[in-house]
Amino acid sequence: MARWTGILCVILAVPLFAATTVFDFEDPADATGWHDEKGTACRNFPVSREANWATSGEHSLCFRTPKWKPGMGEWPACEITPPVTDWSGYDRLVLDVTNPTDFDQRLSFFITDSVRATRTGLNTRVLLPPGSYRQAVVKLADVVKMNVKLKDIHTMHFFTERPAGDMEVYMDRMILLRPDEPLPTPGPDFVKALAGLQQDQIAALQQAQEDVRARIAQVTAQAPDVAGWAARLVAQNDARVTAFAEQVRRGDPVVLKAAEFITQLRADTARLESLVRLRAGFESVRQSVQAPGSVRDDVVVGFATSMEKVLPRAGAPDLQPSIRASLALARNEKEALQVIVMPVEDAARQVQVRVRDLRGPGGAIFSPDDIAIALMGYVETKSVPPYGSSHVGWWPDPILGFMSKTDIAEGDAQSFWVRLNAPKSQAPGMYRGTLEVLVEGRPLYAFELSVRVYPFTLPDRSPLNMAVTFFPRYNEAKPEGGWRGDNYRDTSWRKHKLEWGDFLADYYITYDSLYAYGGWSPDFEVLQRLHEQGRLGTFNLGYYSMLTENPEQQKKWKADVRKRIGEPYKKAKALGLLDHAYIYGCDEHPKDKFPGVERAAAFLRKEFPGAFILTTTYDHSFGTDSVLQSMDGFCPLTPRYKRDLADKVRATGKEVWWYICCGPRHPYCNMFIEYPAIEGRLLMGAQTAKYRPDGFLYYQTSIWNGKQIRKGPFTDWDPRSWTTFHGDGSWTCLGPDGTPLPTIRLENFRDGVEDYAYARLLEKAIAQVEGSPELTVRQRQWLVRAKSALRVPDGLSRSMTEYTDDPADVYRWRRGMAKVIATSGVNVSLP
């Protein structure tokens, strides 16, 4: 690609506005004062003022760094205090960035004030394809969400990450805009120069179209009914490339959006090719599953596991054509699969899925009441979250139990969630039936469905202790930060509290809260109901803070605790629930707070005997090298959990749990909306079985940023939860009239706990067989197989940061455990 230098740009025909300039680099002083985090010269990310790629005036600032190689710093960076530090009164920061190189480049920056650490500020990423220009617009409301004070902007920290080629990126015209001020646009000289960079891109697009055409011809050679449709799609893309080339030739302003156009066209082309392959593949089974009399042949159907998130409008789903679907589950277990329906030529109306005649051994049936089919709902993200995401847009999340049918637009991939529940009385064995897809009330396809029910039963309550909050809270970025006010809250859920209690217990979660939110106390009506059902897990008696040395403060603290925690303690004791109770507090306290934490724990232990005292205080020695000797349970973040040390602590009678929250991020498992669904299942299943924490803690499942979901599948539910995270602290949604709705993440959480229950049942079976007075040859052989099946394979989870993304690995491990439990010759159950 030819390099363009010496570009002189003049802004012409731009609306006048009173923007406040932060940097325009016309003054040489704008290029001075840049330094690294230590305050010294930027050696690994030098900046220079140059007369190239200016969008305002004649100069810009160039960031340079060589291609990354092993041994080099991974994040070249430099920073500066801007000349304008009071950004209050403005609503946007705008800057122009140009990448004239042949490589993808990334320029990121943090904005923070003089108090907060740099990396706690707002992080903005500008992704720059080869030969591209971007105008980055930062909403200052997002800066406020990070608790950065706009009146005190102190640091702008710019960096990149492992550049794939020599980096040369130009930045110009950094300005602040008030609410009604328009965005500026570069002038015709810049547009003309940028158009010159697109020639190679156009040639690459044209060649890509030729390559796609050839590959599609090969795919459709065996599916002639698909060939004409595929050719029309390719022709549409050809027309887009031709039109774009003409606009570039003329130097139209659309060139400024060339990067977006090229990125979108490449994505659409990849989706087109995947869609053609998907439809051509489905042709191999369509005749076998097509219902008599159905006339449509453009609706593609495939299956996905419950561990996969199928995006509805981004790429074609990776589905394998099949005439059958299958599931396997124990008694008292729930397991699901997804049916993906995708009309490719025209919309499909009133689409639904149903299961019929699921029959098993000896005439046993799988009751329709134990088969739930619901639409997958979708939420729209509108920004890249702090933990990163390759896709911004519609994501699968809420499962809409109040909807069973929907219209599907051409090209949309709609998931139907098919959840089976095997009651404790379900006869074990193989069940076979039919899974139908209907359009406008008439069957279109009929697939074989097989369900195996294993001859053992899962427990009613979690085999792992839990401390998980459900107490709805509402979060937004108010100017002063913090939670939404009471006038925003939708409290309709309260009248359904018993339903919510039962719903949460279905997911092995107890109606509970870690924190003393206003108006919260243990709800013994719900807790006693769960206890009578045999589904009560652990619940909190009340939150405690640290106890200071000040005598007057101690007096007040003790009086408060005796009342606030003492009354629930007495009630729990009277109801016979004390063995389910814990007392949680001193959330994430640092080392300098340890003495006050210990004083609090010592008092609680003496005052409330029999209650379990738990904390997430940052004692990474778990009490082995600290003053925290009165604590019953320590709960580190998953990366801080140490199995060997935890085992030593358990030998002393204490427990070591673990937790997640807004961290950790990849490569550790977490449950954000954008993270793979399988991660929640692996964390609660395979990784829990491998590392054996005594319990799991999660700070919130009901941070809601939206009103009731009353329609779908594309909902208006706001996925933002804690600050700018998506789904963190929010595993549930508010359905019609305040009724509960689960998410695909909550389903995988439960499925992981059920996987862990398999491991616990197998452990118990091994113990029972080993306890036989005299082992037979068959028993010895079984023990070898059982102990092998119990081990978590490295291919499933080698470590907390190395784990599979393939659902088949999870199913393989489950099947192995199920087989040896079923052939153990002993009856096993968990309390």
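Does C733 count as buried or exposed, and at what relative accessibility? Please keep in mind that this is a predicted model. The relative accessibility of C733 is 1%, so this residue counts as buried.

Let me stay with the cysteines. A disulfide requires two cysteine sulfur atoms within 2.5 Å, and by this rule the model has zero disulfides. C42 accordingly takes part in no disulfide; the cysteine sulfur nearest to its own belongs to C78, 4.1 Å away. C42 has a relative accessibility of 10% and therefore also counts as buried. For C733, the closest cysteine sulfur is that of C662, and because the separation is 19 Å, it is too far for a bond.

I turn now to the helices. In general, a packed pair is described by the angle between the two axes and the distance between them. Our pair consists of helix α8, residues 551-564, and helix α10, residues 594-607. Their axes come within 12 Å and cross at roughly 45°. That angle is why α8 is described as oblique to α10. The crossing of α8 past α10 is right-handed.

Which residues meet there? From α8 they are Q554, W557, K558, V561 and R562, and from α10 they are R599, A600, F603, L604 and E607. Sorted by class, this contact of α8 with α10 comprises five nonpolar residues, four charged residues and one polar residue.

Thank you for your attention.

How values were computed. Residues are numbered from 1 along each chain as its sequence is written. This is a predicted model: local features need pLDDT of at least 70, side-chain atom pairs count only at pLDDT 80 or more; totals for chains, interfaces and linings use all residues. Side-chain values use heavy atoms; hydrogens and water are left out. Axes are lines fitted to C-alpha atoms, for helices over the stretch in contact, and angles run from 0 to 180 degrees between N-to-C directions. Helices (H or I, at least four residues) and strands (E, at least two) are DSSP runs, numbered from the N terminus. Angles under 35 degrees count as roughly parallel, over 145 as roughly antiparallel, 65 to 115 as roughly perpendicular and the rest as oblique. A crossing is left-handed if the near helix is turned anticlockwise from the far one by less than a right angle, and right-handed if clockwise. Contact means heavy atoms within 4.5 Å. Ala, Val, Leu, Ile, Met, Phe, Trp, Tyr, Cys and Pro count as nonpolar, Asp, Glu, Lys and Arg as charged, and the others, Gly among them, as polar. Buried means under 20% relative accessible area, exposed over 50%, partly exposed in between (1.4 Å probe, protein chains only).
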